[in-house]
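Here's a quick briefing to read alongside the structure.

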Amino acid sequence: MLSFDPEKVLLPAGHYIGGQHLKTAGARFAVKRPSDGKVYAELTEAQIEDVDRAVTTAHQALKTSGWRTCAPRERGKIMRRWADLIENDPLLAQLESLGSTRPISDVMQHEIPFTAEAIRFYAECADKYSGDLFPTQESSLGMLIAEPYGVIGAITPWNFPLSMASWKCGPALAAGNAVVLKPSELTPFSTVRMAELAVQAGLPAGVLNIVQGSGAVTGNALVTHPLVRKVSFTGSTLTGARIMGDIAQHGMKPVTLELGGKSPQLVFDDAGDIDVLAQRILRGFTANGGQACVAGTRLIVQRGIAQPLLERLVALCQQPRPGVTWQESSRYAPLIDARQGNKVASVIADAKAQGAEVLVGGERFADTAEGWFWQPTLLCGVTHDNPAVQQEIFGPVLTVQQFDDEEEGLALAAHETYGLCAGVHTLSLPRALRAVRALESGTVWVNRYGRSGDFIIPTGGFLGSGIGKDLGRQAFQACQRQKSVLIDF
Ligand code: ADP
């Protein structure tokens, strides 16, 4: 039985620094359950001095704990134990489900195993990638040494709290860094539990620390702290740009930025089985209530297949039912909060004012108390400059545009602001390859949409969708800096 009583979940204290739960004196903020909007906890926000304490603790732990200097395989061993604990901790799963938009069945099926596997993937990377040796004259040795940065500052969003934390902590820790992580203030608890489990698994106290609070105060203090040598961020494009600016005012440090998207689903007449296609497109824009940066929210469909595909999609859009995340039977995610709900409503209103027609959905589900469950929504009759086509909505809203020939389809798929992902649906290999080459997008999926726990393939956006990659060995190597050494003897 996966269902649980939301009132009986034991909440860990807020900040976790040096292996200790820490009470601080900062401003208090309320934490709400997305399913019903109820305030279930209050936390204090980490101030500049609290963040300084976390970063200094992490810096010190690297000096004294041996995490940086041990044989990399030893780090891998501890991380594998950590992954086992993550997979077998009911409290972790409940905290994730209670505080985020993820139904418990989804957390158990996806979030927990994907989090554990990402940690295992990086445990394996720990001793696999070295530097380089260069051909020099015999009396010299030229090499490139890969070293950890030191303390890495990580900031994660609310949509996939645990897996985002694993994408940041996995490579950083495996490479011998320490981490200070700030989860979203909307979903603070599961990450603390994850850090407790790391210490249980043998991670030296202080190597992974969690600070809670807003972006403006806690996040800003973290990214600009002089001992934070690299920043890894996942969140909105606006905030990513802001962080770059804030860092630049204080000095220079590398950033990995995973930002927003407005990804196209480009469907050609020869895309194959229409039922399979409709299911794939639906998942692409409704998974996690559309609250995923990779969501495929722009359907660009060739005219010959548009009508039957839209009919199937309308039928599928009418199936999801709202249900609180702690019920085993719930499958459909709520929006994170009222602010997000109002944003979805306002973009749809603007879209309609500029000519969009609601084919299905368009409203909040009734009878869901203070929870914001939004109906899967199809918007037709939109031109490229419609706000619903231009803006990342972070709700289950799909715009529909039709095209006649390949060139027109590819032109519609391009986006001025974002270049995160694209789906191309065609059974013609040459056409698929032409599209792959033409699309200015960090990931292109052909005849599928979305990842499936394939940690080996990196992910990251072009244009306003970000800088650098998460996942894959690329993310591990991005947590190392390269030192060139030339020795004469
Ligand atoms: P969203 O609007 O989806 O919540 P944000 O990009 O604002 O996305 O937030 C993602 C993460 O970035 C959160 O943990 C948030 O607290 C943090 N954040 C927001 N603003 C800043 C900032 N100025 N500096 C550092 N972190 C920030």
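Sorted by class, the residues around the ligand come out as 9 polar, 6 nonpolar and 3 charged. Keep in mind that this is a predicted model.

**Around the ligand**
- The shell holds 18 residues, and the closest ones are G215, G219, G235, S236 and T239.
- Two elements each give two or more residues to that shell: α7, spanning 215-224, and α8, spanning 237-250.
- Helix α7 has the largest share, with 5 residues.

**The annotated domain**
- UniProt, in an unreviewed entry, puts "domain: Aldehyde dehydrogenase" at residues 26-485.

**The α2/α4 pair**
- Helix α2 (residues 72-87) packs against helix α4 (residues 104-125), with 8 Å between their axes and an angle of about 175°.
- Angles over 145 degrees count as roughly antiparallel, so that's the label for α2 relative to α4.
- On the α2 side, the contact is made by G76, M79, R80, W82, A83, I86 and E87.
- On the α4 side, I112, P113, T115, A116, I119, R120, Y122, A123 and E124 take part.
- By class, the residues in this contact split into 10 nonpolar, 4 charged and 2 polar.

Technical notes. Residues numbered from 1 in each chain as written. Predicted model: local features only at pLDDT ≥ 70, side-chain atom pairs only at ≥ 80, totals over all residues. Near = placed C-beta within 6 Å. Helix = DSSP H or I, 4+ residues; strand = E, 2+ residues; numbered from the N terminus. Nonpolar A, V, L, I, M, F, W, Y, C, P; charged D, E, K, R; others polar. UniProt positions renumbered as here; feature names shortened; annotations may be inferred. Axes fitted to C-alpha atoms, helices over the stretch in contact; angles between N-to-C directions. Parallel < 35°, antiparallel > 145°, perpendicular 65-115°, else oblique. Contact = placed C-beta atoms within 7 Å.
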